[in-house]
Amino acid sequence: MLRFGFDIGGTNIAAGVLDEQNRLIAKDSLKFPRGQGTPEVIETCARLYRSILDVSGIGDERIAGVGVAVPGSVDTRTGTVIDAHNLGFHHTPLEALLKDRLQKPVRLINDADAAALAELRIGALNGTRTAVLITIGTGIGGGLILNGELFVGGRGNGTEPGHMILRNGGLLCTCGVNGCAEVYCSATRLERDGAPLGILGTRALIDAARNGDPAAKRVFDAFIDDLGSYLASIVNLLDPERIAIGGGVCGAGDFLLDPLRENVGRKCFFETCPEIVTATAGNDAGIIGAALSAC
Ligand code: BGC
């Protein structure tokens, strides 16, 4: 049987079909209907589901179950999105709504947990028993692998490492609390600090730093220093075998990883630092992980 995964983001809803060998055999995306409310999101998901099956010629009866990844805290026991600030979902019973619309078993999962599951099964965390995936994009997401399995939180709410507090009384996060790691270690930070230099966007800032622009390099170094402190704290808490970095920022490759490994190595408590690698499941990790989480 095949499985279907949705990765719902604030810009796009991406989705696809996973075969028995965990290969994505069909995929597509539609714009997230921003500001239009939950019924329109459900309709957009249903439209996407239908068109992916139609275009690929896959019959609905071959889909055993559907997984849905969202960028926020979820209650996996009740299938409710508790808070996904970027989507405007608060206490939204997404699992039941989609189940009703698609007439399929539906499972809800945090987007970074989905990506961690994909990395565990087919990517950079394969074979690990204790590992962490940190996704660095607009926000910071994270998924924990404990005892060789995805850990979805002691109370089933997932884990939210992006909202570990890095600065008491620091800048305000989208979650309403000051000083979250997300404010200092995300692509949004690079964008924010690049703007006064006239450098627009994360990629442009990284390129300028790589090309030796001194002001851009200072912004990038300060970012590495914050990200290094953040990852060193995670290492001290969990002693993981491996940390994988995903999300848009990991496209910087060794320009990011080399100074980061040095920074974390210097700050972590242990004599040796775990491996820090880039995630390998790519942009489709959220869809793949969502589908993997389906029944
Ligand atoms: C959310 C997380 C999510 C991450 C990446 C954060 O702001 O709180 O749940 O995994 O962004 O999308």
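In the predicted model, a backbone N or O atom of Gly72 lies 3.1 Å from an oxygen atom of the ligand. For Asn110, the distance from a polar side-chain atom to a ligand oxygen atom is 2.9 Å. For Asp111, the corresponding distance is 2.5 Å. The ligand on its own has 310 Å² of accessible area, and the protein covers 86% of this.

The shell around the ligand draws on several stretches of the chain. Pro71 and Gly72 belong to the shell. Asn110, Asp111 and Ala112 are also around the ligand. Ile140, Gly141, Glu160, His163 and Glu182 complete the list. By class, three shell residues are nonpolar, four are polar and three are charged.

A separate part of the analysis concerns a sheet. Three strands, in the order E5-E6-E7, make up an open sheet with antiparallel pairing. Strand E5 (73-75) and strand E7 (89-92) are the edge strands. Each has a single partner strand, so one side of each lacks a neighbour in the sheet. From one strand to the next, the twist averages 20°. Strands of a sheet pair through backbone hydrogen bonds, in either a parallel or an antiparallel arrangement.

The pairing can be followed strand by strand. E5 and strand E6 (residues 80-84) run antiparallel and are joined by three bridges. Within this pair, Asp75 has Thr80 in E6 as its bridge partner. E6 also pairs with E7, again in the antiparallel sense and over three bridges. Here Ala84 stands opposite Phe89 in E7. E6 and E7 form a hairpin, with four residues between the two strands. Gly88 lies in the turn and has a positive phi of about 75°.

Cys45 was examined individually. This residue sits in helix H1 (residues 38-56). Its relative accessible area is 1%, so Cys45 is classed as buried, the cut-off being under 20%. Cys45 and Arg101 are 56 residues apart along the chain. Their C-alpha atoms are separated by 9.3 Å.

Definitions and conventions. Residues numbered from 1 in each chain as written. Predicted model: local features only at pLDDT ≥ 70, side-chain atom pairs only at ≥ 80, totals over all residues. Heavy atoms only, no water. Near = heavy atom within 4 Å. Polar contact = N/O pair within 3.5 Å; in protein donor to acceptor, adjacent residues only side chain to side chain. Areas by Shrake-Rupley, 256 points an atom, 1.4 Å probe, with all protein chains shown as cover. Nonpolar A, V, L, I, M, F, W, Y, C, P; charged D, E, K, R; others polar. Pairing = 2+ DSSP bridges. Axes fitted to C-alpha atoms, helices over the stretch in contact; angles between N-to-C directions. Buried < 20%, exposed > 50% of the residue type's maximum accessible area, 1.4 Å probe, protein only.
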